[in-house]
Structure formats: C-alpha cells, structure tokens
Amino acid sequence: MQNNLAKFIFIAIFVSVSNASFYGNQFSAVESILNAFDIDTSFQTDTSLFEIHNQTISGERWESFVDSFERGYVYIPILKQMLSDAGVPQEFLYLAMAESEFSPRAYSPKKASGIWQIMPSTGKQLGLRIDDFIDERRDPIKSTAAAIKYLKFLYNATGKWYLAAMAYNCGIGRLQRAIKEAGSSDVWVLMDEQKKYIPSETRNYIRMIISMGVAFSDIGILKNEEKEYFLNRGVTTTLTSIKIQGGVSLHSIAQGAGISLNELKQYNRQFKYDFLPFDNAEFDVYLPYEYLLSFKQNFDPKKIDFAKYFITYKVAKGDSLYSISRKYGVSIKSIKVANNLKKTLLSINQKLIIPLKDSKYAMINNSLNGR
C-alpha cells in the first residue's frame, strides 16, 4: 500500500514538473486559447493535453501541420476576419485546421467536404448550393459563413464555445446525451478518459485544437522552426472575389487575369467543371489581389459568351453517349471532355453539359484539354 502510494506521488510530481517544463513560458498562450473556448485554465494541467501537444510539435506530424498552415496562407486572413466580425473566437481557425488542414478539396468517408468538413444535408440547410455543377462547401468564403452560422447555433444551444466545438465534431444530439449522462457540462467531466462520456475522437479533437492554437501562437516553438513569420499570418487579406456571369470558362478568366488555369482552380474548388454553371446567376470567383488589376484590364465579358454554346441534358432510360451525340450533332469526345467523363457509362437522371456545335466549342474544348 505504501509502495503504491509512493509510486502515485512520484508520478504526480513527475507529470506536474514535466508539464511545467514543457509549457515553460507558453502558459500565457495556453490560457489565452482556453479562455477563448470558455475552458477553465486549470485544464492546462490535463495530462492527455500535454501528451497530444507533445505529439503535435514533434517529427512528421509537426511538419504536416506546418505544411497545412503554409497551404492555408491565402485563406487564413479572411477566415480570421470573418470569425471576428461574427463574434466567434478567432481560435476556431484551428478547428478548420483540425478538420481539413485548410484544404477545400478535403473529403471524408462520411461525405463531409471542404475546409470546414460540412455534411451535404447540413450544407443545404445552411444555404449552400450543392448540385451536379457546384459544391459551395468547397467555397472558402461561403463555407466559412455557413460554418460560422452553425457554430453560433451550437453556441446558443450549449452556452459554451468548447461545447459548440464538441458538438461540431460529434453532433449536438450526441453531446446532449453525454451531458445528461454525466450530469454536468464541465469540461473536466466530459473529457474524462475513464468515464468516456463523449467519443474518444471528440476528446482528442478538442485537445488537438487547443494544442495547435498554442503551437502556432508560441514564438519559441516557431523560432526553433524558423517559422516566426506565422505570427503575422492573418494581418493582410490576399484574396478577393469577382462577380462573373454563369457559363464563362475558367480558362478565359485565367487568361484575363494572367494566372494559370491550375492556380485559379486552387482558389475555386467549388466549381466541378472548368466553367461556371449555366445559370443566369452571377458567381463569385476568387483571385489573389495581385491579379485583380490585370483581370480588370484584360477580361471583357461581352466578348466571351460561352453559355450560348451549351445546354444541360438529363440522361433518360435507354440513353447512351452515342445516341445523345447523334441527337445534338456533336461528337462523343466533346461530350466527354465537357463533362470530364473517363468512361462511356451513364446513369439515369445524370446531368450532362452538351456543347451545341463542335465548331464553336473548339476554343473551350482546347481549354479543357489543357487543364
């Protein structure tokens, strides 16, 4: 009994000293992050938080996070400003990082997509357009606005930002059941590793968000990696949006702006094809500010009216690429290129973009082949 007690005391002292030496002067950064999420500052002594933080800043995992932060450079200023303007803690930036590593193309096995990993049904409820031609969950601005709307809903339902973050991961219903079972919404209670009131994924998720917030706010860690310039990220917005009529090809926009098609697509993953949907509506297209002047000087929408060269067609029973190509007098190749089809197999109710005349489609056909 005495040996066990002595062993327990030794472990407790070791953990306490290790945490203190590990965090060092980071305590202010830790407390700042915890305060932002309405978490009691005593949680900085959580042993599992210490372990995850140690993993966060170690080896390949840290390199991966650094790469993610670099990749998110163009989005971070906008995300931080939008969060701040909406009254949501800017530290939720690290929730997006935990969700997707700032990749608009991120796609989960559960069909969540975009920087904020929004599910299709949730996205539509939040007003995002998701169809055969566009997925606004991959729109960095509109998806952030939707995520903010959802986070504020979760906050109003739970009363604490850390509870909103938990609900974002495991669902509001799952969290409410956990609180009822635990008889408390206290972070220490819900995060208990023995009682397991909330899923382990969610427990690690919260600790990961805190750890990333601390790591990317600490000058000591960043100096060691020669990444102290990260502290200035979010100061200046680097991306702007332009309104463009539906039906215009991304290639023509890229040409006008003096940017490569591939780079333009990196900022506009919401479009499933290399041209804007054939609606009467205007669409937001994102460009780095450095290309805006060139775009204004060189892009003339009056000279580029590609929409009149296309129609949309819904595949019916018995249709084939051959029969559709014969019906509209276009080649099978043109239909495949316009729809980015690798195979000839079609499904009923599938929507296709049909170029009306091959001769007029040649310019767009070439641009699509050069993707």
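Modeller: Arg137 is buried, with a relative accessible area of 4%; buried means under 20% relative accessible area, exposed over 50%, and partly exposed in between, with a 1.4 Å probe and protein chains only. The model is a predicted one, in which local features need pLDDT of at least 70 and side-chain atom pairs count only at pLDDT 80 or more, while totals for chains, interfaces and linings use all residues. Residues are numbered from 1 along each chain as its sequence is written, and side-chain values use heavy atoms, with hydrogens and water left out.

Arg137 belongs to the loop between H7 and helix H8 (140-158). Helices (H or I, at least four residues) are DSSP runs, numbered from the N terminus. The side chain of Arg137 reaches the backbone oxygen of Lys111 at 2.7 Å, and it also makes a polar contact with the side chain of Asp135 at 2.8 Å. A polar contact is a pair of N or O atoms within 3.5 Å; within protein, one must be able to donate a hydrogen and the other to accept it, and residues adjacent in sequence count only if both atoms are side-chain atoms. Apart from neighbours within four places in sequence, the residues in contact with Arg137 include Tyr107, Ile115, Met119, Leu128 and Ser143, where contact means heavy atoms within 4.5 Å.

Arg137 and Asp135 also form a salt bridge, their closest N and O atoms being 2.8 Å apart. The term denotes a side-chain nitrogen of Lys or Arg within 4 Å of a carboxyl oxygen of Asp or Glu. Both partners, Arg137 and Asp135, are buried. By this rule the count comes to 10 salt bridges.

Another of these joins the side chains of Arg203 and Glu193, at 3.2 Å from N to O. Because Arg203 lies in helix H12 and Glu193 in the loop between H11 and H12, the pair ties together parts that are 10 residues apart in sequence. Arg203 is buried, with a relative accessible area of 4%, whereas Glu193, at 30%, counts as partly exposed. Both residues belong to a network of salt bridges that links Asp46, Glu193, Arg203 and Arg207.

At 1.5 Å a residue, H12 (residues 200-215) should span 22 Å, and its end C-alpha atoms are 22 Å apart, which agrees; the expected span is 1.5 Å times one less than the number of residues.

A further salt bridge connects Lys265 with Asp274, with 3.4 Å between the closest N and O atoms. Lys265 counts as buried at 13% relative accessibility, and Asp274 is buried at 3%.

An α-helix has 3.6 residues a turn, so residues three or four places apart point the same way.

Conventions: Helices (H or I, at least four residues) and strands (E, at least two) are DSSP runs, numbered from the N terminus.
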